[in-house]
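Notebook open, model loaded. I'm jotting down what I looked up, in the order I looked.

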Protein chains: 2
Amino acid sequence: MRPIITAFAASPDRGRGLARDSRVRWALEEVGQTYDVRYLSFAELKEPAHRALQPFGQIPTYEAGDIRLFETGAIILHIAETHGGLLPQEAAGRAKAINWMFAALSTIEPPILELESTRFNDRDKPWGAARTVMAEDRIRTRLADLDGALGDAPWIAGAFSAADILMCSVLLRIKGSAMLEEQPRLAAYLARGESRPAYQRAFADQLAVYQRLMAAKG
Amino acid sequence: MRPIITAFAASPDRGRGLARDSRVRWALEEVGQTYDVRYLSFAELKEPAHRALQPFGQIPTYEAGDIRLFETGAIILHIAETHGGLLPQEAAGRAKAINWMFAALSTIEPPILELESTRFNDRDKPWGAARTVMAEDRIRTRLADLDGALGDAPWIAGAFSAADILMCSVLLRIKGSAMLEEQPRLAAYLARGESRPAYQRAFADQLAVYQRLMAAKG
């Protein structure tokens with residue numbers, strides 16, 4: 001069953017690969033699953049047809065037969081459960097990898113999203129600069145702990161897994177920042193993820209969408 | 001295998017049931033699985049012995065044989081996968097319930113946590129009040145969409161499931177707020193969750209810990 005995902009017709013990150021369809025594309029590329037993409041305008045995201053699939057009016061979604069999902073974590077877990085190679089087969093290793101999938105989304109990403117929210121919503125406010133520093137400090141604490149957990153291992157939960165797709169995708173949001181560069185093992189971990197052929201195909205595919213859009217605009 | 005979880009020796013919420021061990025207790029009560037609890041002081045949370053199990057120095061953790069987990073979402077998914085009653089058996093329904101587990105943690109809880117962070121970190125700052133209003137507005141948007149998704153159904157993904165444990169636990173953070181009361185179907189949904197005997201046992205058990213602590217302090 002060839003799945004259909006949704007993505008931005010015009011990604012607000014201008015093809016940097018931060019929109020969450022990139023995470024799903026990466027997982028699908030890792031397992032060798034071809035897929036179709038339905039591109040949606042910002043207006044279409046908020047229309048009833050899309051909200052029936054995604055109540056919060058966001059991307060991505062995932063449809064394959066009677067499976068209909070809209071949370072990136074659930075989509076990637078589903079891909080990992082229905083294809084080989086993204087989760088260990090034995091129970092303890094599988095549970096550990098799923099634990100790190102949740103850690104990427106529930107422990108590492110929220111303070112990064114709060115920093116982005118501060119930069120976006122508070123940038124014109126008198127408190128913008130001070131609150132940015134506070135948000136960065138919270139991220140630094142989490143990254144130091146994550147560095148300790150990764151140690152000198154290549155991947156976060158044994159062999160490469162769905163947890164690395166999510167964790168690297170979260171770290172991409174702060175790629176090149178002082179916060180990440182202060183943790184050279186984490187920066188190298190992210191580079192290791194980005195160097196995977198499946199990631200590069202996923203990145204190129206989402207970038208091509210943006211480049212075609214720019215070319216069409218002349 | 002009787003699992004061992006960890007919890008605060010002195011919960012910062014004073015027994016209101018918001019610490020995340022309550023979510024795990026609720027899931028264990030729903031499936032009728034007895035468990036042990038190891039209580040940790042704030043100092044013990046940050047010590048190497050605990051960090052070997054929980055790299056971020058938080059609670060809860062879950063140990064059962066060679067299964068060792070620290071993300072609440074992963075713990076509840078593991079309990080649901082190894083016991084009956086918290087996930088549908090057929091593939092589409094199971095995937096949908098897992099999708100809503102992620103939605104609780106990745107879509108609904110982050111703006112609520114950002115509000116709590118604003119109230120805690122920014123309360124003495126000149127921008128505290130203005131930023132609180134901004135954070136509440138973002139929560140209102142998410143709750144309106146969640147209300148649309150729930151509609152008049154009793155539970156978020158068909159029959160009661162692990163998704164309801166997480167979603168109700170997230171909504172508990174804003175119980176009694178104007179934001180939640182403006183959505184009477186969501187307020188009723190939360191009340192439905194709280195009325196479950198398994199939730200009440202879980203709540204009573206965590207409250208008793210706090211009450212014993214207070215009694216011991218005289």
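How many of the 11 residues of helix α4 (residues 72-82) of chain B are buried? I got 9, so I can call the helix mostly covered, where buried means under 20% relative accessible area, exposed over 50% and partly exposed in between (1.4 Å probe, protein chains only). Among the buried ones I listed Thr72(B), Gly73(B), Ile76(B), His78(B) and Ala80(B). Helices here are DSSP runs of H or I with at least four residues, strands are runs of E with at least two, and both are numbered from the N terminus.

Ground rules, before I go on. This is a predicted model, where local features need pLDDT of at least 70, side-chain atom pairs count only at pLDDT 80 or more, and totals for chains, interfaces and linings use all residues. Residues are numbered from 1 along each chain as its sequence is written, chains are lettered from A and ligands numbered from 1 in the order written, and side-chain values use heavy atoms, with hydrogens and water left out.

**Entry: another covered helix**

I checked helix α7 (residues 162-172) of chain A, and 11 of its 11 residues are buried. They include Asp164(A) and Ser169(A), along with Ile165(A), Leu166(A) and Met167(A).

**Entry: the core**

Which residues touch the most other members of the largest nonpolar core? I found Trp100(A), Trp100(B) and Leu146(B), in a core of 126 residues. A nonpolar core here is a set of buried Ala, Val, Leu, Ile, Met, Phe, Trp, Tyr and Cys residues joined through side-chain atoms within 4.5 Å. Leaving out residues up to four places away in sequence, I saw Trp100(A) touch Leu146(A), Ala163(A) and Met167(A), among others, and also Pro55(B), Phe56(B) and Phe70(B).

**Entry: where the chains meet**

I counted 43 residues of chain A in contact with 43 residues of chain B, contact being heavy atoms within 4.5 Å. About 3,600 Å² is buried between the two chains, and carbon and sulfur atoms give 63% of that. Buried area is the accessible area (1.4 Å probe) that two parts lose on being put together, summed over both. Phe56(A), Phe102(A) and Trp127(A) supply 19% of what chain A buries against chain B, more than any other three residues.

I noted one salt bridge between Asp145(A) and Arg51(B), at 3.1 Å, N to O.

Which elements of chain A each supply at least two residues of the side that touches chain B? They are β4 (67-69), α4 (72-82), α5 (91-121) and α6 (128-150). α5(A) gives the most, with 18 residues.

Most residues other than glycine have a negative phi, and most peptide bonds are trans. I found the bond from Ile59(A) to Pro60(A) cis, with omega near 0 degrees; Pro60(A) sits in the loop between α3 (48-51) and β3 (62-64) of chain A. The bond from Ile59(B) to Pro60(B) is cis too.

Arg14(A), not a glycine, has a positive phi of about 55 degrees. Arg14(A) lies in the loop between β1 (4-8) and α1 (21-31) of chain A, and counts as exposed at 57% relative accessibility. For Arg14(B) I read a positive phi of about 60 degrees, and Arg14(B) is exposed, at 58%.

Note on methods: A salt bridge is a side-chain nitrogen of Lys or Arg within 4 Å of a carboxyl oxygen of Asp or Glu.
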